[in-house]
Amino acid sequence: YVDRRGYIYILYDEIFPDFIKVGRTQDCHKRLTGYNSDKPFPTARMLYISEMFEDVNEIERRILSYMYDQTQPTTLSKEWFGVKHKEKIIEIIEKAESLYSKK
């Protein structure tokens, strides 16, 4: 059995003020701690954390696919977008929550 439950998050890092990262995780605190662990100061924070999804991998794939159709990602990892897209990404996540979240 593979546990596919998890959360979609939007991360902001003061070091990169023009960008946000969209990702998935089963443990938001652990993910943020891991992201900040390789830096001298913890400059990142979560801007948004979704409700739990049963298959967070599929939801992340769909959200990123939609965003790729709307704008180019800013890095090779394809998870970073311009901060100007924050509201649109939150809107997409909230739509996914209304359709697919585990309540």
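The radius of gyration here is taken over C-alpha atoms, and the rule for a globule is 2.2 Å times the number of residues to the power 0.38. For 103 residues, a compact globule would come out near 13 Å, and the protein has 13 Å, so the two agree. What you're looking at is a predicted model, where local features need pLDDT of at least 70, side-chain atom pairs count only at pLDDT 80 or more, and totals for chains, interfaces and linings use all residues. Residues are numbered from 1 along each chain as its sequence is written, and side-chain values use heavy atoms, with hydrogens and water left out.

**Whole chain, cartoon view**

Show everything as a cartoon and you'll find 3 helices and 4 strands. These are DSSP runs numbered from the N terminus: helices are H or I with at least four residues, strands are E with at least two. Walk along the sequence and the pattern reads β-β-α-β-α-β-α. The C-alpha atoms fill a box of roughly 35 × 30 × 20 Å along the principal axes.

**The sheet**

Now select the strands. They make an open sheet of 4 strands in the order β3-β1-β2-β4, with antiparallel pairing; two strands count as paired if DSSP finds at least two bridges between them. β3 (44-49) and β4 stand at the edges with a single partner strand each, so one side of each has no neighbour in the sheet.

Go through the pairs one at a time:

- Look for Ile8 opposite Arg24 in β2.
- Select β1 and β3: they pair over 5 bridges, with Tyr9 opposite Ile49 in β3.
- Select β2 and β4 (residues 80-82): they pair over 3 bridges, and Ile20 stands opposite Phe81 in β4.

Is it mostly covered or uncovered? It's mostly covered, with 5 of its 7 residues buried. Buried means under 20% relative accessible area, exposed means over 50%, and partly exposed is in between (1.4 Å probe, protein chains only). Across the protein, buried residues make up 39% of the 103.

**Two helices side by side**

Next, select α2 (residues 56-70) and α3 (residues 86-100). Two packed helices are described by the angle between their axes and the distance between the axes. Here the axes come within 11 Å and cross at roughly 145°. (Axes are lines fitted to C-alpha atoms, for helices over the stretch in contact, and angles run from 0 to 180 degrees between N-to-C directions.)

From α2, the residues include Ile59, Ile63 and Met67, and from α3 they include Ile89, Ile92 and Tyr100.

Click on Glu60, which lies in helix α2. Glu60 is buried, with a relative accessible area of 9%. Leaving out residues up to four places away in sequence, Glu60 touches Ile8, Val22, Gly23, Arg24 and Glu79.

Then hop over to Ile89 in helix α3. Ile89 is buried too, with a relative accessible area of 0%.

Terms used: Contact means heavy atoms within 4.5 Å.
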